[in-house]
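Student: I am new to this structure. Can you show me how to read it, one feature at a time?

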Amino acid sequence: MTSRELKHEILHALSGLVECTLDLRFGQFIAYLSVIARGPNPEAVWDMEDEELLEAVRGHIEDDNRRHAGVPS
């Protein structure tokens with residue numbers, strides 16, 4: 001996957017999370033995803049790679065789907 005394709009994939013995946021994160025501002029949401037991807041350190045948002053961001057978004061979507069389906073994590 002090219003860098004351009006990866007960025008489009010990230011944006012598409014992020015659009016799927018909009019409804020379940022209405023209580024967060026977008027910047028907060030990106031910071032939250034960086035913690036999922038890299039752990040709770042201040043550099044996470046700067047050091048996170050696009051692949052890690054996409055994986056964090058997909059993981060968040062899967063967790064949200066499980067919660068709504070009543071399936072334990």
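Student: What radius of gyration would a compact globule with 73 residues have, and what does the chain have?

Tutor: Keep in mind that this is a predicted model. A compact globule with 73 residues would come out near 11 Å. The chain has 12 Å, which agrees. Its C-alpha atoms fill a box of roughly 35 × 30 × 20 Å along the principal axes.

Student: Which secondary structure elements does the chain have?

Tutor: Four helices and zero strands. From the N terminus, the order reads α-α-α-α.

Student: Which residues have the most contacts inside the largest nonpolar core?

Tutor: That core has 13 residues. Ile-10, Leu-14, Phe-29, Leu-33, Leu-53, Leu-54 and Val-57 have the most contacts inside it. Helix 1 (3-15), helix 2 (26-38) and helix 4 (50-69) each supply at least two residues of the core. Take Phe-29, and leave aside neighbours within four places in sequence: Phe-29 touches Leu-14, Leu-17, Thr-21 and Leu-24.

Student: How far apart are Arg-58 and Ile-10, in sequence and in space?

Tutor: They are 48 residues apart in sequence, but 9.1 Å apart from C-alpha to C-alpha. Arg-58 sits in helix 4. Across the chain, take contacts with a separation of 6 or more: 45% join residues 24 or more positions apart.

Student: Why does Ile-36 count as partly exposed?

Tutor: Ile-36 counts as partly exposed because its value is 40%. Ile-36 lies in helix 2. With Leu-24 and Tyr-32, Ile-36 makes a nonpolar surface patch of about 240 Å².

Key. Residues numbered from 1 in each chain as written. Predicted model: local features only at pLDDT ≥ 70, side-chain atom pairs only at ≥ 80, totals over all residues. Heavy atoms only, no water. Core = buried A, V, L, I, M, F, W, Y, C linked by side-chain atoms within 4.5 Å. Buried < 20%, exposed > 50% of the residue type's maximum accessible area, 1.4 Å probe, protein only. Contact = heavy atoms within 4.5 Å. Patch = residues over 30% accessible without salt bridge, like charges linked within 9 Å, V, L, I, M, F, W, Y side chains within 5 Å. Areas by Shrake-Rupley, 256 points an atom, 1.4 Å probe, with all protein chains shown as cover. Salt bridge = Lys/Arg side-chain N within 4 Å of Asp/Glu carboxyl O. Rg over C-alpha atoms; globule rule 2.2 N^0.38 Å.
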